[in-house]
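These are my notebook entries on a structure that I am reading through for the first time. I put down what I looked up, one topic at a time.

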Amino acid sequence: MKNSERQEALKFTLKLADEAGKILLDHSRKLYRKPIKLIHKGAAGLASEADLKSEELVIRRIQKKYPEHKIVAEEDSFAKKLKVKGPDDPKQLTWLIDPLDGTNNFLNGLPFFCVSLALAQGSEVEVGVVHNPLLGETFYAHRGGGAFLRRRFGTKYLTKKLQTSKVSQPLKDSLISTNLGSSRHNASLIRKFPEVRAFRRLGSAALELSYVAAGILDAYWEYRLQPWDIAAGGLICEEAGVPISDLQGQKFHAFTPSVMAARSPLYEDLLQVLTEAEKS
Ligand code: LIP
């Protein structure tokens, strides 16, 4: 992709995330008064009409602007029982869409959810936007252009480039988000994990990665994720200069099934702890 194409796609994606965010806000207002329709997806969790309406809008807008691009979206993939895998053609342009990342938070009224939109060429993410409409915060990046956070303070918005310290906290002082304790983790890990300042489990992979990029969290990792959960947030980490890989230490790309992001040397320390835990 040419740089000018990335810039144009980013502009389009920011506008689209804002529009989809308004749909989530409308539904979160409805939900405040009475329950909204739920879709039970078995092992894939829950969805709601908010996920569906947001996704419909995003797909419609992309098909109009980029009719030749491929679209991989969470609810559509579930409905069509698609097996998501990386493209065979490294030039293929693919949109990876999570119309509502953090559905469980959304449904319980916990204000930590977002729209996550990414455009990848092959498996390299070129553009990513993560937008939380309730908190008024938008993380965004295009490859080679740096990562940014636009955040609402009262009625004002402030934008900053994400370039926090290159060096991490030591492990014992770090604030880490992960789903430790879930069935996706080695059950004994929680008992033998070295001391850290605190653990969090925030429930939106896209926002958790973006928070590491912004230095709000020191580290995040999770197993068994989907490309729409991590593509945009992963690029935002890369563009903020934060080391990110899968849990085997392999280079991050849109289709890696697990992810870990942290500044060094915390990144290396965590990778070692997790690799040891896998062996035991
Ligand atoms: C969710 C994530 C969450 C992860 C779940 C799920 P959804 O996305 O971001 O952090 O643990 O596996 O993928 O379903 O809310 O869009």
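Which residue of β11 does Leu175 stand opposite? I looked this up and found that Leu175 stands opposite Ala198 in β11. Before going on, I note for myself that this is a predicted model.

As a reminder to myself, strands in a sheet are paired by backbone hydrogen bonds, and the sense may be parallel or antiparallel.

**Entry 2, the seven-stranded sheet.** I then turned to another open sheet, this one of seven strands in the order β3-β4-β5-β6-β7-β8-β9, again with mixed pairing. Here β3 (70–73) and β9 (156–161) are the edge strands, and each of them pairs on one side only. From one strand to the next I read an average twist of 15 degrees. Within this sheet I looked at β4 (residues 93–101) and β5 (residues 114–121), which pair in the antiparallel sense over seven bridges, and I noted that Trp95 stands opposite Leu119 in β5.

How do α6 and α7 run relative to each other, roughly parallel or roughly antiparallel? The axes of α6 (residues 205–213) and α7 (residues 227–240) come within 8 Å and cross at roughly 5 degrees, which makes α6 roughly parallel to α7. On the α6 side I list Ala205, Ala206, Leu209, Ser210 and Ala213 as making the contact, while α7 brings residues including Ile230, Gly233, Gly234 and Cys237. Sorted by class, the residues of this contact are eight nonpolar, three polar and one charged.

I looked up the second largest pocket, whose volume is about 200 Å³. Of the 14 residues lining it, those closest to its centre are Asp18, His131, Thr138, Arg150 and Tyr157. The elements that give two or more residues to this lining are α1 (3–33), β7 (137–142) and β8 (147–153), and the largest share, six residues, comes from α1. By class I count five nonpolar, four polar and five charged residues in the lining.

I found a cis peptide bond joining Ser264 and Pro265, with omega at about 5 degrees, and I placed Pro265 in the loop between β14 and α8 (266–279). Lastly I looked at Lys81, which has a positive phi of about 50 degrees although it is not a glycine, and which I located in the loop between α3 (74–79) and β4.

Definitions and conventions: Residues numbered from 1 in each chain as written. Predicted model: local features only at pLDDT ≥ 70, side-chain atom pairs only at ≥ 80, totals over all residues. Heavy atoms only, no water. 1 Å grid on protein atoms, 1.4 Å probe; cavity = no way out; pocket = protein on both sides within 12 Å on 5 of 7 lines; lining within 4 Å. Points joined across faces, edges and corners; volume = space filled by probe spheres on them. Helix = DSSP H or I, 4+ residues; strand = E, 2+ residues; numbered from the N terminus. Nonpolar A, V, L, I, M, F, W, Y, C, P; charged D, E, K, R; others polar. Axes fitted to C-alpha atoms, helices over the stretch in contact; angles between N-to-C directions. Parallel < 35°, antiparallel > 145°, perpendicular 65-115°, else oblique. Contact = heavy atoms within 4.5 Å. Pairing = 2+ DSSP bridges.
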